[in-house]
Amino acid sequence: MSKATAVAHSNLAFVKYWGKIDAELNLPLNSSISMTLSNAKTTTTVRFDEALPHDKIIVAGEEQDPTGRFAQRISQHLDRIRTLANQQAHAEILTENTFPVSAGFASSASGLAALSLAGSAALGLNLSERDLTILARRGSGSASRSIPAGFVEWYAASTSEDSFAEQIAAPEHWDIRDVAVIVSSEEKAISSSLGHKLAQESPFWQSRQPLLPQRLDTVRQAILDRDFETFGRELEAEAISMHAIALTSSYSTNNHWHSGIYYWTPDTLELLLAVQQWREDGIPVYFTLDAGPTVHLICPAAYEAQIQDAVCQIQGSRNWSTLVNAPAPGAYLVIE
Ligand code: DP6
């Protein structure tokens with residue numbers, strides 16, 4: 001086979017990957033736990049063709065500049081797949097997302113996961129799920145967690161072959177929702193890759209690290225026990241812990257000094273405060289945030305509509321949008 005199509009979902013981390021021990025291999029400083037997202041999906045077709053002079057990358061029907069940063073990242077990942085299969089042919093890649101790339105979802109997670117599966121299958125590599133997570137991780141750390149289904153843990157390790165992701169629980173295990181409130185569609189100024197690099201600059205880095213093994217145990221167990229309150233408290237505290245590191249990672253651009261990375265907008269903060277109030281009003285809801293202003297409201301499925309209403313009430317005339325996600329399947333091949 002020289003052509004294959006794969007689907008992968010983005011994922012949302014409850015215990016965050018923030019900082020690397022090896023940026024080339026994407027080896028994380030700590031393990032992380034996430035959930036795949038049903039409505040944030042990438043579909044990618046890879047076709048290898050000896051006649052192509054270079055990799056041709058088409059996103060939602062638009063051919064990308066092969067010298068641009070995005071195309072280079074894809075080609076670099078294709079090189080990893082070509083090396084594994086001992087092949088040299090260039091490829092045509094057709095890819096599209098069900099969600100806007102700037103919406104605060106890790107499109108690199110679903111994108112690199114789908115590319116890893118489609119690319120390896122197209123070259124006849126029959127990789128195990130574990131090896132696929134390792135390959136996807138090389139493209140983008142969080143992509144490793146978009147290969148298995150449902151609730152997933154990605155392990156920190158000092159070698160590439162030991163830093164893989166695996167399922168903690170299937171999507172059907174727990175009917176929870178992520179009501180993602182997209183408050184801004186502006187592209188973030190500081191990429192997560194730079195955020196990872198700066199993380200250890202924070203004076204609070206040292207105090208976050210020792211808390212993580214216990215936090216991972218608590219979140220994993222709360223998922224297994226379907227203990228929503230323990231789960232929610234821990235994931236909200238974790239989101240703030242990651243952002244406390246970002247907010248205190250100072251950096252300079254063009255000789256301008258910044259005291260830290262502000263991924264939030266005033267609307268983000270308004271929602272974080274609203275969540276505290278909603279809980280006081282008896283709604284079981286907790287938040288998490290990735291490296292951007294989108295607020296992910298986590299609740300039992302039965303509360304989804306109530307939370308959407310509550311969001312509408314404070315939104316007013318602002319241009320927010322919501323995307324609701326349930327736990328999703330892992331990456332899969334589409335049989336044509
Ligand atoms: C805040 O996986 O996007 O979403 O490995 O450099 O591609 P690279 O970084 P990426 O980082 C994700 C950071 C995060 C937290 C998380 O998903 O765990």
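A contact here means heavy atoms within 4.5 Å.

**View 1. Overall fold of the predicted protein chain.** In this predicted model, local features need pLDDT of at least 70 and side-chain atom pairs count only at pLDDT 80 or more, while totals for chains, interfaces and linings use all residues. Residues are numbered from 1 along each chain as its sequence is written, and side-chain values use heavy atoms, with hydrogens and water left out. Of the contacts between residues at least 6 apart in sequence, 72% join residues at least 24 apart. The protein chain holds nine helices and 16 strands, which are DSSP runs numbered from the N terminus (helices H or I, at least four residues; strands E, at least two). Buried residues, meaning those under 20% relative accessible area with a 1.4 Å probe and protein chains only, make up 54% of the 336 residues.

**View 2. Helix H1, residues 69–85.** After H1 comes Asn 86, whose phi is positive, near 55 degrees.

**View 3. The buried residues of H1 and their packing partners.** Ala 71, Ile 74, Ser 75, His 77, Leu 78, Arg 80, Ile 81, Arg 82 and Ala 85 are the buried residues of H1. An α-helix has 3.6 residues a turn, so residues three or four places apart point the same way. The buried residues of H1 pack against strands S4 (32–49), S5 (56–59) and S7 (90–97), as well as against helices H2 (107–122) and H3 (129–139).

Note on methods: Buried means under 20% relative accessible area, exposed over 50%, partly exposed in between (1.4 Å probe, protein chains only). The expected span of a helix is 1.5 Å times one less than its number of residues.
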